[in-house]
Amino acid sequence: MTTFDALFYPMGSARAEPVQVSASGSYVTIAASSWSRRESLADIRTTSRLARTRRVLTLHDGSQLHTDNNDAVDGLIPRQRTEQLIDTLERHPHAIAASLVFTIAATVLFFTLGLPWLANRIAQEIPLAAERVLGEQVLMALDETAFAPSAVPESVQTRIRERTAELTSSSDSGRAYEVQFRALGDANAFAIPGGTILITDELIATLDDDDALIAVIAHEVGHHEGRHVLRSVLQSSAILVLTAFLTADVNAAAAVVLAVPTFFLNGHYSQAFELEADAMAFAHLADHGVSPEWFAYALTRIKGETTDGGIFHYASTHPRASERIAAALAAAKDFPPLEDIVAARDTGTGNVQLADTMLLGCWRGSIAEDPDNSIDWWIRFHDDAQLEVEFTAHNGGDVRPTYYTGRWQVHGATLATRYLRRQDEAADIDIDELQRYTIDHIDDTQMRYFGVPGNTEFHSYRIDCLSGDDGAIDESLNLDRGQAEFAQ
């Protein structure tokens, strides 16, 4: 027979009364100083044993017995094997330490693997129609808080939309892609949910070639195809994800509209999403005959135009721009270099058909706005397509030289130069600047050429180069600005 002391709490009362509990067979007798009652063991529920925590036995009418005699309760109502195992583990320090490690590992795995998987499942279940409605709300919110109307000419907008339509014509995602333009004050692009790709005026000004802009748009298409916006916001809203998944209420994810504008203005895609969008972009570009190197070009140009801490995610160090540029160059291994592509697009309208050997060597020229403001330059075309250029700006008594290295290529009458590094008093940095010229006349001593676009006229005169390894110009052959009159 089992007997132990307890405190009895009647149903709905906080006043305790000391009692003695005794068990015999399948019944329990509860005896106080002035009363007693009999209960069936089958009707009694008990809390689990947890160290020295007081046990609570709940009777059929809701009344409770509280006791510190764990052994007596276990003798009265035998524990299940699982409960016994838990109690045993709770008494061993090594088991407690192991459980902490397991809990931490499980938490890390959930947030690194489980939560992204859940977010992806929910994002994939959101219908495109609902995503488009979400995108409209997001764009409206961004227009009210961050964007200004675009000043990009309608002809340029039409050209970019047509190129985007060509790029996305083979997409099987079911999205109807639309390009919109806004001013922001930063070179940027956004994949707005539902299929909208938003381009800022500043991005168009920074990227001076349509193919570079198309490479950025292809990256945004990659974000659309992977539903990265929704997945990113859902992953950052763990409670929303779990609620939507566990209740099978996909509509609960519509609350993401409140978080998406903030994501665009303050957040970045994860490294995995950026690299995934890059890979999709490279495949789209290659399938449409556009070199993925244009994305590397765009990334370098944008990186030079944005400041640290800006919101432009292409230049983000997560992942590093250098890694993404290397991936773009690897994807472009079957395409010619960009300077070759640019030179071959339009063979020019000049009066000459250039051969590489006609440009080899060193040239010097000058252009002046007035006697106190001018720019001198010397250029060396190497026979391995390498290029050296030095510009010296004269502004009154201020003289500022800048040295560039890069590559060059000619097709027909078109010369393309590509500056890849710049050195001056302030910096020594990697850049990527493409220039295109139409050569109108060239002979053994002189060359006349025009910038494209703009049609600015330039004259250069051949000079001797030193034979030393440093490739320096022989300054003893200096030409006074305007010394020679161009021969027609």
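Trainee: Which residues in α11 do Ile214, Ala215, Ala218, His219, Val221, Gly222, His223 and Glu225 in α7 meet?
Mentor: This is a predicted model, where local features need pLDDT of at least 70, side-chain atom pairs count only at pLDDT 80 or more, and totals for chains, interfaces and linings use all residues. Residues are numbered from 1 along each chain as its sequence is written, and side-chain values use heavy atoms, without hydrogens or water. Helices (H or I, at least four residues) and strands (E, at least two) are DSSP runs, numbered from the N terminus, and contact means heavy atoms within 4.5 Å. The partners in α11 are Phe273, Glu274, Ala277, Asp278, Met280, Ala281, His284 and Leu285.

Trainee: What is α7 relative to α11, roughly parallel or oblique?
Mentor: Axes are lines fitted to C-alpha atoms over the stretch in contact, with angles from 0 to 180 degrees between N-to-C directions. Under 35 degrees is roughly parallel, over 145 roughly antiparallel, 65 to 115 roughly perpendicular, and the rest oblique. The axes of α7 (residues 210–225) and α11 (residues 271–287) come within 7 Å and cross at roughly 120°. Therefore α7 lies, relative to α11, oblique.

Trainee: Are the faces of strand β6 buried or exposed?
Mentor: Buried means under 20% relative accessible area and exposed over 50%, with partly exposed in between (1.4 Å probe, protein chains only). In β6 (residues 55–58), Arg55 and Leu57 sit on one side and Val56 and Thr58 on the other, and all four are buried.

Trainee: Which residue in β7 stands opposite Thr58?
Mentor: Strands pair if DSSP finds at least two bridges between them. Four bridges join β6 to β7 (residues 64–67), running antiparallel. Opposite Thr58 stands Gln64.
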